[in-house]
Protein chains: 2
Amino acid sequence: MTTMLDVAQRAGVSVKTVSRVINNEPYVQDALRERVKTAARDLGYVPSASARSLRSRRSYQIQLISHIMTTPYVHAIQAGAMQTCQAEGYQLLVAVLPDCGDDPVDAFRQRFEPQLATKKPDGVILVPPFADIDGIGAWLTQQGVAVAKIGAQSTLDSVFSVRIDEFAAARDLTSLLVEHGHRRIGFIRGRENESATEERFRGYRSVLGDHGLPFEEGLVTPGTFDFASGVEGGVRLLDRADRPTAVFASNDDMAAGVIVAGHRLGLVAPRDFSIVGFDDSAIAEKTWPALTTVRQPVLAFGTVATTELIRTFEGAPGASEPPNRILDHCLVLRDSVSAAP
Amino acid sequence: MTTMLDVAQRAGVSVKTVSRVINNEPYVQDALRERVKTAARDLGYVPSASARSLRSRRSYQIQLISHIMTTPYVHAIQAGAMQTCQAEGYQLLVAVLPDCGDDPVDAFRQRFEPQLATKKPDGVILVPPFADIDGIGAWLTQQGVAVAKIGAQSTLDSVFSVRIDEFAAARDLTSLLVEHGHRRIGFIRGRENESATEERFRGYRSVLGDHGLPFEEGLVTPGTFDFASGVEGGVRLLDRADRPTAVFASNDDMAAGVIVAGHRLGLVAPRDFSIVGFDDSAIAEKTWPALTTVRQPVLAFGTVATTELIRTFEGAPGASEPPNRILDHCLVLRDSVSAAP
DNA sequence: GTCCCGTCAGACAACGTTGTCATGTAGAAG
DNA sequence: CTTCTACATGACAACGTTGTCTGACGGGAC
């Protein structure tokens, strides 16, 4: 293994100078800088992460924390984060913390306090539902870890966030249904206590209001963002005489569930009912009919959050970016919506 | 931050003794051992990963390497690996290397050689298609990294592997179709140069042979394990007068594609054709009809591989386990198979 | 010519742990 | 009673890097 000492000897300088060059510190003459760089390249020198982080108290690691790893949403974020991490020379760590129970902040601390002592990541990326709990972001910041939230607005100045305008996106989908003549539209909610759930519901109600359509409590049913809850919700909404002509499911997995629920009841989409999802996750184009939905730039969430984190602790020289960033969503028209009867 | 020195002072011993206790080394009296443990607990001591790995040249990291992170198969493995990592105090790192090109071994080296210099993971988990390339496993072993392969047999004594009996599983599925009276069964292959592709195909042919059914070249069509290739393959097989009465897709994503292909041609499964998948991935129960398939214990692949890796470099005291481990698969009967017309 | 300041480079210590070696003790074997 | 061995503990150095401090040099202001 080649160390800084080897490079230093080859370049005829001290180790400290090599260190300065490697870390792009000032006060090294250009000629020397070049000589060191050449020597390092010749020897194939790569700094030791352990030594580095032992001495400098930085870990060059970014951690993605989620309550579950097996959902396409988290997956895509991970892919984006990893892309940026690899490009910037950081390591991506993943961690899950399922079932937070009553006191998620405390559960979170219990789980991660020891880990912070062993090795503190330079930054943490939080996704829903953790992103929605302010206490978690606050605690991490206080522990000296940079935080980026995905999919939820940040109330803290120190915490960066990236998301889409969920309200507007939900409006787009609902408007599409209304434009197709649907006047009674069922709605399946997401997990409770998440901003996405509320925002999407708000968007739905607001479009109904704009068009003077009545809001019917009975057309709204709970869900948990997963397939099974979509099937259940779909059955609740469709298995009755006065069933709605369209259903807005708060994400694609649940929308896929509604399609299956329909089949169980002998109803085929989009002939017998229209259905829209949300997220444009992988399943959206694998169902029949393929789902009309809203695309979230999930991969970009990952890259933007990671880039922003790195910018933070590399000592951002430029202007301080606004801590809340909103990316564009886009309506994806497929085959699950048809004109109302 | 509390260090070993703090613990040592509180327990009235030397740092070395604390180190011995923390690492479960011998030659410490039980009484002392207890005193040190208590002191450590009282102070909430957690060893510093950086210092540890700098000195001991172990990283306490396990890396999962795949060509893509966004498939349910890899996802489940990751979940399993993470579970074990968290329990054993290891960190799970993830890395992707897409598009290996002509010389995958070289591409692999190019990508990971620098990383090994910075920080060498204690072990690496390889999934297909990397698991199928012997040169990669050999290179990593030679670099001093423990290797576990998933889903492919290991030819090296030093490399552990875990998988199911793909041949037997494919036989189970094919037999099921034959028992339902199907005599002309289409087959969609997986990515080429992967053992899973060959084994599944072999299983299919072998059952045909057992039952004296003719093997028709025209009923076999290529695929790449992804949804789109399933749609294409499905169209090729089903869009003709002499179409098969059943299709064996080499995984669930492609099977879902065949269902969609059928819809495009006005054919509905399982009324007009039967279809089976492979893997029992998430999509298998989200299609209509839900897919009859074979369940691979993918999560267990992750936990077993990780456990085995850790056992390796923690200096396995017990007998040396056989390096190839085969887990049980199971046939999952759902709704996509019906009796042949 | 003197003083000061900005630039540039190196010597040295420190980060928190583990490997190596030396030393001490107690019991068994001779 | 001595010698040997196995067990127990500690002192010290080392891992590879970066932070701190010190010093040399050159140029501009007085």
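User: Which rotation superposes chain A on chain B?
Analyst: The model is predicted. Superposing chain A on chain B gives an RMSD of 0.2 Å. The shift along the rotation axis is 0.1 Å. The two copies are thus related as by a two-fold rotation axis. The rotation is 180 degrees.

User: What percentage of the interface residues of chain A are also interface residues in chain B?
Analyst: The contact takes 33 residues from chain A and 33 residues from chain B. The copies meet through the same surface, because the shared percentage is 100%.

User: On the side of chain A that touches chain B, how many residues are nonpolar?
Analyst: Two residues on this side of chain A are charged. Nine are polar. The nonpolar count is 22.

User: Which residues are the closest to DNA strand D?
Analyst: DNA strand D is surrounded by 25 residues. By class, the surface has 12 nonpolar, eight polar and five charged residues. The closest residues are A:Thr3, A:Met4, A:Ser19, A:Ala51 and B:Thr17.

User: Where does the largest share of the surface near DNA strand D come from?
Analyst: The largest share is five residues. That share comes from helix 4 of chain A.

User: Which residues come nearest to DNA strand C?
Analyst: There are 25 residues around DNA strand C. This surface divides into 12 nonpolar, eight polar and five charged residues. Coming nearest are A:Thr17, B:Thr3, B:Met4, B:Ser19 and B:Ala51.

User: Which helix supplies the largest share of the surface near DNA strand C?
Analyst: Helix 2 and helix 4 of chain A, with helix 2 and helix 4 of chain B, each supply at least two residues. The largest share is five residues. Its source is helix 4 of chain B.

User: Are helix 5 and helix 12 of chain A parallel or oblique to each other?
Analyst: Helix 5 of chain A packs on helix 12 (residues 298-313) of chain A with the axes 7 Å apart. The crossing is right-handed. The angle is about 40 degrees. Angles under 35 degrees count as roughly parallel. The two helices are therefore oblique.

User: In the contact of helix 5 with helix 12 of chain A, how many residues are charged?
Analyst: Residues of helix 5 of chain A in this contact include A:Tyr73, A:Ile77 and A:Glu88. Helix 12 of chain A brings, among others, A:Leu299, A:Phe301 and A:Ile310. The contact has 12 nonpolar and eight polar residues. The charged count is one.

User: At what angle do the axes of helix 1 and helix 3 of chain A cross?
Analyst: The axes of helix 1 (residues 4-11) and helix 3 (residues 30-43) of chain A come within 9 Å. Helix 1 of chain A is therefore oblique to helix 3 of chain A. Helix 1 passes helix 3 in a right-handed crossing. The angle is roughly 125 degrees.

Note on methods
Residues are numbered from 1 along each chain as its sequence is written. Chains are lettered from A and ligands numbered from 1 in the order in which they are written. This is a predicted model: local features need pLDDT of at least 70, side-chain atom pairs count only at pLDDT 80 or more; totals for chains, interfaces and linings use all residues. Two residues are in contact if their C-beta atoms, placed from the backbone, lie within 7 Å. Ala, Val, Leu, Ile, Met, Phe, Trp, Tyr, Cys and Pro count as nonpolar, Asp, Glu, Lys and Arg as charged, and the others, Gly among them, as polar. A residue is near a molecule or strand if its C-beta atom, placed from the backbone, lies within 6 Å of it. Helices (H or I, at least four residues) and strands (E, at least two) are DSSP runs, numbered from the N terminus. Axes are lines fitted to C-alpha atoms, for helices over the stretch in contact, and angles run from 0 to 180 degrees between N-to-C directions. Angles under 35 degrees count as roughly parallel, over 145 as roughly antiparallel, 65 to 115 as roughly perpendicular and the rest as oblique. A crossing is left-handed if the near helix is turned anticlockwise from the far one by less than a right angle, and right-handed if clockwise. Copies are superposed by least squares on the C-alpha atoms of residues with pLDDT of at least 70 in both.
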